[in-house]
Number of protein chains: 2
Amino acid sequence: MRLLPHPATADIQLTEVLRALSDPIRMEIAVRLAVRGEITCTEACDDLGVHKSTASHHYRTLREAGVIMSRQEGRLKYISLRRDGLDARFPGLLDAILLAAHVPV
Amino acid sequence: MRLLPHPATADIQLTEVLRALSDPIRMEIAVRLAVRGEITCTEACDDLGVHKSTASHHYRTLREAGVIMSRQEGRLKYISLRRDGLDARFPGLLDAILLAAHVPV
DNA sequence: CCCATAGTTGGATTGTTGTCAAACAATGCG
DNA sequence: CGCATTGTTTGACAACAATCCAACTATGGG
């Protein structure tokens, strides 16, 4: 369960990022990460009305698209927005999307 | 064949815009519109390797998501990026996406 | 060592999407 | 009017995606 694969920054594809964020559940997860920073998977999907395995699939989609990072710490897994990679590769994109999603600054 | 429905600006949804642009073919069409302005459907899908009916479905997806406008003139249908609506609703989003897609300024 | 907790994985199902082909519709030209 | 051009619609099909359930893995606490 350790160290799930993340794509290299150079391998992050624009259309895959957009596809990952085109699902309302995944968008909500991204918004939570933007607002609350690094949180656990349980917190990320709390009250979203999806099964934990469904949430896990969404984390995988987001991770493989390069949108989030995950980090294991003890029994918990923390996920966070992959700001560095996204900003480096697509300047201004994440901010524009979060602004459009009404994330409080 | 006239006057296909476009959503009102207020009804344009972020996740639908992202989904529309998450397909490489549709992204390429959007890039062409950004570079060349208003062009015909035939020009928009030229050399893309898709059947014209497939292209038509993509125009529909883009139009219903609020990404493009279409306008009939004689036998031709011209499509263009819906900059006004997108910029009004999601400031900076379209520019960030086009920048990420390497559209020349 | 057992057990509860936190996530992932695999299977099954259901629905969506991308594609082509063929038929259709609308427009203007000769 | 016929006919070529331009694009849409419909049907079919395969591939993909979202979901749940069940089984599994890993970790730490008692």
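Trainee: Which residue does B:Ile68 stand opposite in E3(B)?
Mentor: B:Ile68 stands opposite B:Leu81 in E3(B). The model is a predicted one, where local features need pLDDT of at least 70 and side-chain atom pairs count only at pLDDT 80 or more, while totals for chains, interfaces and linings use all residues. Residues are numbered from 1 along each chain as its sequence is written, and chains are lettered from A and ligands numbered from 1 in the order in which they are written.

Trainee: How many bridges join E2(B) to strand E3 of chain B?
Mentor: Six bridges join E2(B) to E3(B), residues 76–81, and the two run antiparallel. Strands (E, at least two residues) and helices (H or I, at least four) are DSSP runs numbered from the N terminus. Two strands pair if DSSP finds at least two bridges between them.

Trainee: And what is the order of the open sheet in chain B?
Mentor: The order is E1-E3-E2, three strands with antiparallel pairing. E1 (39–40) and E2 (68–73) of chain B are the edge strands, each pairing on one side only.

Trainee: Which strands does helix H2 of chain B touch?
Mentor: H2(B), residues 24–36, packs on the sheet and touches E1, E2 and E3 of chain B, with its direction at about 90 degrees to that of E3(B). Contact requires C-beta atoms, placed from the backbone, within 7 Å. Axes are lines fitted to C-alpha atoms, for helices over the stretch in contact, and angles run from 0 to 180 degrees between N-to-C directions.

Trainee: What does helix H4 of chain B lie across?
Mentor: H4(B), residues 52–65, lies across E2 and E3 of chain B and runs at about 120 degrees to E2(B).

Trainee: Switching to chain A. How many bridges join strand E1 to E3(A)?
Mentor: Two bridges join E1(A), residues 39–40, to E3(A), and they run antiparallel. A:Ile39 has A:Ile79 as its bridge partner in E3(A).

Trainee: What about E2(A), how many bridges there?
Mentor: E2(A), residues 68–73, pairs with E3(A) over six bridges in the antiparallel sense. A:Ile68 stands opposite A:Leu81, and A:Arg71 has A:Tyr78 as its partner. E2(A) and E3(A) form a hairpin with two residues between them, and A:Gly74 in the turn has a positive phi of about 65 degrees.

Trainee: At what angle do helix H2 of chain A and H4(A) pack?
Mentor: H2(A), residues 24–36, and H4(A) pack at about 70 degrees, with axes 10 Å apart. The two are therefore roughly perpendicular to each other. Roughly perpendicular covers 65 to 115 degrees; under 35 is roughly parallel, over 145 roughly antiparallel, and the rest oblique.

Trainee: Which residues of H2(A) and H4(A) meet?
Mentor: A:Ile25, A:Arg26 and A:Ile29 in H2(A) meet A:His58, A:Thr61 and A:Leu62 in H4(A). By class this contact has three nonpolar, two polar and one charged residue. Ala, Val, Leu, Ile, Met, Phe, Trp, Tyr, Cys and Pro count as nonpolar, Asp, Glu, Lys and Arg as charged, and the others, Gly among them, as polar.

Trainee: Now the chain contact. How many residues of chain B are in contact with chain A?
Mentor: 18 residues of chain B are in contact with 18 residues of chain A. On the chain B side, the elements giving two or more residues are H1 (14–20), H2 and H6 (93–100). H6(B) gives the largest share, five residues. That side has 13 nonpolar, three polar and two charged residues.

Trainee: What rotation superposes chain B on chain A?
Mentor: A rotation of 180 degrees with 0.0 Å of shift along its axis, at RMSD 0.0 Å. The two copies are thus related as by a two-fold rotation axis. The same surface serves both copies, as 100% of the contact residues of chain B recur in chain A. The superposition is by least squares on C-alpha atoms of residues with pLDDT of at least 70 in both copies.

Trainee: On to the DNA. Which residues come nearest to DNA strand D?
Mentor: A:His51, A:Ser53, B:Thr42, B:Ser53 and B:Ser56 come nearest, of 26 residues around DNA strand D. A residue is near a strand if its C-beta atom, placed from the backbone, lies within 6 Å of it. H4(B) gives the most to this surface, with six residues. The surface divides into seven nonpolar, twelve polar and seven charged residues.

Trainee: And which come nearest to DNA strand C?
Mentor: Of the 27 residues around DNA strand C, the nearest are A:Thr42, A:Ser53, A:Ser56, B:His51 and B:Ser53. H4(A) gives the most there, with six residues. By class, the surface near DNA strand C has eight nonpolar, twelve polar and seven charged residues.

Terms used:
Two residues are in contact if their C-beta atoms, placed from the backbone, lie within 7 Å.
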